[in-house]
Each structure stands twice: as C-alpha cells, then as structure tokens.
Amino acid sequence: MTSLAGTGVLLRFHLRRDRLMIPVWVAVNALMVLSMPTTLQGLYGTAAERADLLDQVAANSSFRALIGPAFGDSLGALTAWRVGVYAGALAAVTSLLIVVRHTRDEEESGRQELISSGVVGRRASLTAALLTAATANAVLALLVTAGLAGRGAAGALALGLGLGAVGMLFATAAAIVAQLTESARLARGLTAAVLGAAFVLRAAGDAATTDGSSVLTWLSPLGWLSQLRPFAHERWWVLALLAAAVAVQGALAYALAGRRDVGMSFLPTRPGPASGRLRTAGALAWRLQRGAVLGWSIGFLLAGVVYGGLTDGVADLVGDNERAREIFERMGGQSGITDAFLASMTGMLGLVAALYVVAAVLRLHGEETSGRAEPVLANAVGRLRWAAGHLVIAFGGSALIMLLAGLGFAVGYGKEVGPVLGACLVQVAGVWVIGGVTVLLYGVAPRLAPLAWGVAGAVLLIGWVGPALDAPRAVLDLSPFGHLPKLPGGAMEWGPVLILLALAATLVAVGLAGLRRRDLTT
C-alpha cells in the first residue's frame, strides 16, 4: 500500500463536509475583491483624482501601514492596493481552518485512527487536506481572474494567482504546525499568530518606505503579495518565490507526517493540574479558552490604536470626494467625516468580533464531538452548568475585546474617550445576536452548528460590501449591526439595542433548552 492510497476518497469526503464553509468564505472573499472596482470608479472617476490619491497615500505612512503602498493609478491597481492584503489574509484564514480541521482535528477526535485502519496511506489524510485547501484557493483565483479580466488580463491573473498562492502558503504552514502540536485549537492559534506576525511585519515595512522596499516587507508573505504589483508592471518572479515557499513547507510537512504516530505530536501537550484551578466546569472552560481570549484581546487593542491613529488624517484623505464621504456616512451615520470614520471602524471591529463569539461558542461543539465532554458530564456537572462556563467566556470575552478596542481608539486618537468607548460597546448587542444564533444551532441541531460560520460570513459581507455597493436598506437590515445606532456622532437609541439583547437572550435560552433535551453527539 502506497503512502497516498485512499487520497481520492478522502478528498471527496472533505469537500462534502466543507460544502457549505468553502463556498461561503470563497464567495465573501471574491465579492470583496470584485466589488472594489465599481466602488473606486465612483470614488475616483478621473485620472487626476486617482493621481491625487496616490500622492496622499505616499505621504501618509499610517494608511500605508494599514493597506499598503499603491503602485499604479488604474482601477485594477487601486483594487489590488485597497483589498489585496485583506483578501490574502482572508484566504490564509480559510486555508488554515481547512487544513487543521482535516488533520489535527481528526486525530484529536479519534476519527483518524478509525480511518487509518482501512486502506489509507500514511500521508493520504494530509494530502487530501492540502488538496481541499488547494481547491478552495483555485476557485478563488479563478473567480478573481475572471471577474477582473476586463481591467487587464495580466493583472487579473497576477492578483488571482497571488491570492491563491498566499492561501496555499498558510495551508502548508498549518500542515507543519498540525504535526508539531497535539491540539487542534493550538494548531489554529499558532498558525493564526504566524499570520498576525506577517501582517505586522508588512505594516511596519510599508510604513517605513513608499515603495515597499523595506526588509520587513520582504519578510512577510503578505508583503510578497503587494510586491507582485498586479496591474502595475507585474513582477511574475514573486509568484516563483511564493511557489518555492509552498513547496518547501509542503515537503517539511510530509517529512514530519511520516515520522510520527497517529494522534501524537513532536511537541506534546504539557499535563495540567487535576485539581485546584480546574475543580469547576467554568475553570476548565477558562483553561481551554484563555489563550484565544488573550490573542483576540491583544489584536483588538492594537487595532484600536492603529485605527485611532488614522482618524486625524481621514479628512485629508477623503478631501472633497463626496462619494467617499457618502460611503463613510452609510457605514457610520450622517455626522461629520471624523465621527463617521470612527463609527464605521468600530462597526468593522464589531463584525470581526462576531467571528470570535462563533469560535468560542463552537468550542462546546468541539468538546462534545471529540468525546471530552462526556467524562465531565459523567460527574456532578449538569449540561447547563457545563455550557454556561463556555458561554460566559464567549459572550463576556466579546464584550472585553470590544472594550479594549475602545481603549485602543482612545489611545490612538487621544480625544473623546467616552463617545468612542460607547461606540465600541454598543456593537456588543449585534455580536451577541450572532452568538445567540450559534448557541441555537448547536443546542437544537448540532450537525448544523458549523453553519454559524456561514451566518458570520454573510454578516461580514453585508457590512463590508453592502455600503460600498449602495445596497438597499432592506439588505443592510438583514444584519443585526444594521440596526445599531451610529456612534459617535449619532443619537443613542436604546430601543434597537435592547431589542437585540432580548433577541440574543431568547436565542441562547432556546439553544440551551435544546441542549438539555437532546442526546450527546457521538
């Protein structure tokens, strides 16, 4: 039996399992990219306006750190500048989630041992996981290339291939980490930390130079994506650099996979105490989720500082561009441009916080399906008490990270601490509704619990792309965030906030009632 026996069957199985997650995340990413030329056409319709934008970006190191340097004034080049880094990061997140789910998650749950007892090669599961990620990235590359071909075939191909290559680079990075760690949660966290480090390196390098020539930029794969320069005299050799990195990392992952037993790792998990701090279900939940809470807290604090530091320069960047002002006002309310910018940025962080609450709530699903919840519940611990420990961290943690984001805004902006802090905290109502939907799906229909990621993705798409495309109010109102007051600058309306909080509480109650009555998933 070869080491790749059974790869085709496993690939079909993985694609079937991800038949909802992959289309949603690829569609969100592709639409984010493909909607940008239309938005930019409305914002900067003339060559003079686009040239002026390039001058402003070159003079503003904060915006270069946030988005990157611009290398051309065509709509295609500006599209690659405006969304390239973020689309690459989203492709990386999608890829690492796919690979960890089909490798370390399977081993941690014990399913991989059952699969390996059949006619399945040692490296078949890893190969199938990487091919699943490759399928998602190939579809993304194809959609971007086809959608932007009218702006320039070469540039569209470069951007599409660049996004796919960045996704595969982090897919192979996740494959390596999955061999090193014994926990799927830790594998996801470490790979995400690598992605965060890549973003920070690129931001520091792009802030230091106007052409991306900094060494720090070249140390980051996200920096390589911008240096590919789609629609601006493409540097095709950068794709070779990405391909080489993917090949080296893939070879290392295969070498490691062939030298360990199923379920084991090169970095064993340190045994923890069996008493003391872990005597309660809540303490156990905190032990399991504290790393995620810490990582998200640091990320939101730093994001608040960065966005707060950009606030003073946003008026200069927008200038007299009425279309840009309208978009900010659609996202942040009918107030001054500074308040509208702050409101739109706090809203964006609220949308991202929805991803945290989904991941934290679904930790319950992971504990149940892996069999770890059953020994806990076999003791004097009721289901509601067990679930409450994780839900307190999920909902309380989302409030904490938004609070830290508000403090970060206050540090970066240095003005109006109270209004900015309130603007961040009001987003918690929308985040908790998404958390309530997740609890409902998990409690009532655990097989459908992963659909919560699709709900979060749809909310992200509405919040990010909807205002730029001038979507109808009825579409924007499908998101709970569309009903929140636009702070700072707008009037505080307690009615919608209280209704959303009541809705979240109702969803959680129904979900917990379902959890109490159903059988545990096996």
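**Salt bridges and other features**

Reply: Arg-363 and Glu-367 both sit in helix α17 (residues 337–369), 4 residues apart, about one turn of the helix. Helices here are DSSP runs of H or I with at least four residues, numbered from the N terminus. This is a predicted model: local features need pLDDT of at least 70, side-chain atom pairs count only at pLDDT 80 or more, and totals for chains, interfaces and linings use all residues. Residues are numbered from 1 along each chain as its sequence is written, and side-chain values use heavy atoms, with hydrogens and water left out.

Me: What do the side chains of Arg-363 and Glu-367 form?

Reply: A salt bridge, at 3.1 Å from N to O. The term means a side-chain nitrogen of Lys or Arg within 4 Å of a carboxyl oxygen of Asp or Glu.

Me: Which residues are linked with them in a network?

Reply: Arg-363, Glu-367 and Arg-372 make up the network of salt bridges. Glu-367 pairs with Arg-372 at 2.9 Å, N to O.

Me: Is Glu-367 buried or exposed?

Reply: Glu-367 counts as buried because its relative accessibility is 5%. Buried means under 20% relative accessible area, exposed over 50%, and partly exposed in between (1.4 Å probe, protein chains only). Arg-363 is also buried, at 13%, while Arg-372 is partly exposed, at 29%.

Me: How many salt bridges are there in the structure?

Reply: The structure has 7. One of them joins the side chains of Asp-105 and Arg-188, at 2.9 Å, N to O. That pair links distant parts of the chain, with Asp-105 in helix α7 and Arg-188 in helix α11 (residues 184–208), 83 residues apart.

Me: Different spot. Where does Thr-103 lie?

Reply: Thr-103 is in the loop between α6 (75–102) and α7 (104–109). With 6% relative accessibility, Thr-103 is buried. Leaving aside neighbours within four places in sequence, Thr-103 is in contact (heavy atoms within 4.5 Å) with Ser-125, Leu-126, Ala-129 and Ala-178.

Me: Now confidence. Which helix is lowest?

Reply: Helix α16 (residues 322–332) is lowest, with a mean pLDDT of 53, and helix α21 (residues 428–444) is highest, at 94. pLDDT is the predictor's confidence in each residue, from 0 to 100. The protein averages 83, and 89% of the residues score at least 70.

Me: Why does a low pLDDT matter for the coordinates?

Reply: Where pLDDT is low, the predicted coordinates should not be read in detail.

Conventions
Helix = DSSP H or I, 4+ residues; strand = E, 2+ residues; numbered from the N terminus.
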